[in-house]
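Welcome! Take a moment to look over the structure below, and then we can walk through a few of its parts together.

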Amino acid sequence: MRERTPRELAALIAVIVGMVSGLVLLIISYLSSLVIPLPSLLVFVGITFLLTFLAVFFLLERVINSKLNLIYRIIHGSKEAQEKVELNMSEEIFEKAQREAVKFAKESREEIERLKEQAEFRREFIGNLAHELKTPIFNLQGYLHTLLEGGLKDDTINEEYLGRADKNLDRLIELIKDIDTITKLESGADSVVLKKVDIVEICEDVLDAAEMKAKSKEIDLSFKKKYDPLFVKADPGKIHQVLTNLVINSINYGKEGGRTTISFHNVGENILVEVADDGLGISDIDQQRIFERFYRVEKSRDRHRGGSGLGLAIVKHIMEAHQQKISVSSVEGEGSTFSFTLAKA
Ligand code: ADP
């Protein structure tokens, strides 16, 4: 059944009171044999109705306003607490208030869930971070202690240990840089600035910079074929980072004497960029998780211990900020292909 508005309620009460008082008057006149003319009776009933209506309406308005305003203030929070909510007495205000209260409870529950998830995520992030920092710091401490406790004068180990300490320091710096990058990307402090850029030229720069590293494993870095300039809408620095992370991974997890190939494909409004290697490959289960922060495939931990486990998480963030996607297809033992799209400029 539809809920009555306060105005209808006041009218209903006034009708009842008007009729009852008319009836009472009729009974009194009958008992006292006093004749009350019909017009006077109607005027009396009318006036009773009007006065009752005004009194009840005024009373209801006051009570409802003071109670519901308090509820609305609680629901809408402290910002609007000073403002008085104007209630329309010809509306179904109780039903409306109930709807708002249910909505408020639902939103509060969702907010609590979100905050819980964030707290869990933060705990996990800090746990992972401590774990990642521990190894290089303890290694560094070990080498420095050995050197200080006499190793410095031992020519058979001093240079080697200093070199190893330096490598661990490099790893720490890389890790801190990656954490800084991902934190800025996540907080939105480092937003993408889209420009018209030649993606072929950016890839050339990335391949040139990775040449030395590739040579150490005799990996051949090349384009699939010769490409003319291809203009896309992208943040050049960030896409450079995406390609660097993908190419460096293809070397880290590539096989000695293997090859990494970059190719471009026309896909409607977009250019699809592919970085393919013939290295280790990634199992189907791991493919679903490698874009998570700090996730590393167990087997590759032994082969390459240098990475922060953040490289692909950074790649994913940057692609999301471009409103584009990154995906991987891979067969264990045969190789992996990472692909992402960019809008044509
Ligand atoms: P990491 O710093 O460990 O390289 P990434 O986020 O870049 O972290 O990569 C996550 C994991 O994904 C790596 O540890 C590795 O196991 C796997 N991976 C990434 N790229 C490749 C690839 N080209 N071939 C095989 N495995 C890869």
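## Where helix 6 meets helix 9

In this predicted model, Lys-238, Gln-241, Val-242, Asn-245, Leu-246 and Asn-249 of helix 6 are in contact with Gly-311, Leu-312, Ile-314, Val-315, Ile-318 and Met-319 of helix 9. Sorted by class, this contact between helix 6 and helix 9 holds seven nonpolar residues, four polar ones and one charged one.

Two packed helices are described by the angle between their axes and the distance between the axes. Here, the axes of helix 6 (residues 236–252) and helix 9 come within 9 Å and cross at roughly 145°. The crossing of helix 6 and helix 9 is left-handed.

## Following helix 4

Helix 4 covers residues 158–187, which is 30 residues. From its first C-alpha to its last, helix 4 reaches 43 Å, close to the expected 44 Å. Just after helix 4 comes Gly-188, with a positive phi of about 80°.

Which residues of helix 4 are buried? They are Arg-171, Leu-175, Asp-178, Thr-181, Ile-182 and Leu-185. An α-helix has 3.6 residues a turn, so residues three or four places apart point the same way. The buried residues of helix 4 pack against helix 3 (93–148) and helix 9 (311–321).

Note on methods: Residues numbered from 1 in each chain as written. Predicted model: local features only at pLDDT ≥ 70, side-chain atom pairs only at ≥ 80, totals over all residues. Helix = DSSP H or I, 4+ residues; strand = E, 2+ residues; numbered from the N terminus. Expected span 1.5 Å × (residues − 1). Buried ≥ 20, exposed ≤ 12 C-beta atoms within 10 Å, placed from the backbone. Contact = placed C-beta atoms within 7 Å. Axes fitted to C-alpha atoms, helices over the stretch in contact; angles between N-to-C directions. Left-handed = near helix turned anticlockwise from the far one by under 90°. Nonpolar A, V, L, I, M, F, W, Y, C, P; charged D, E, K, R; others polar.
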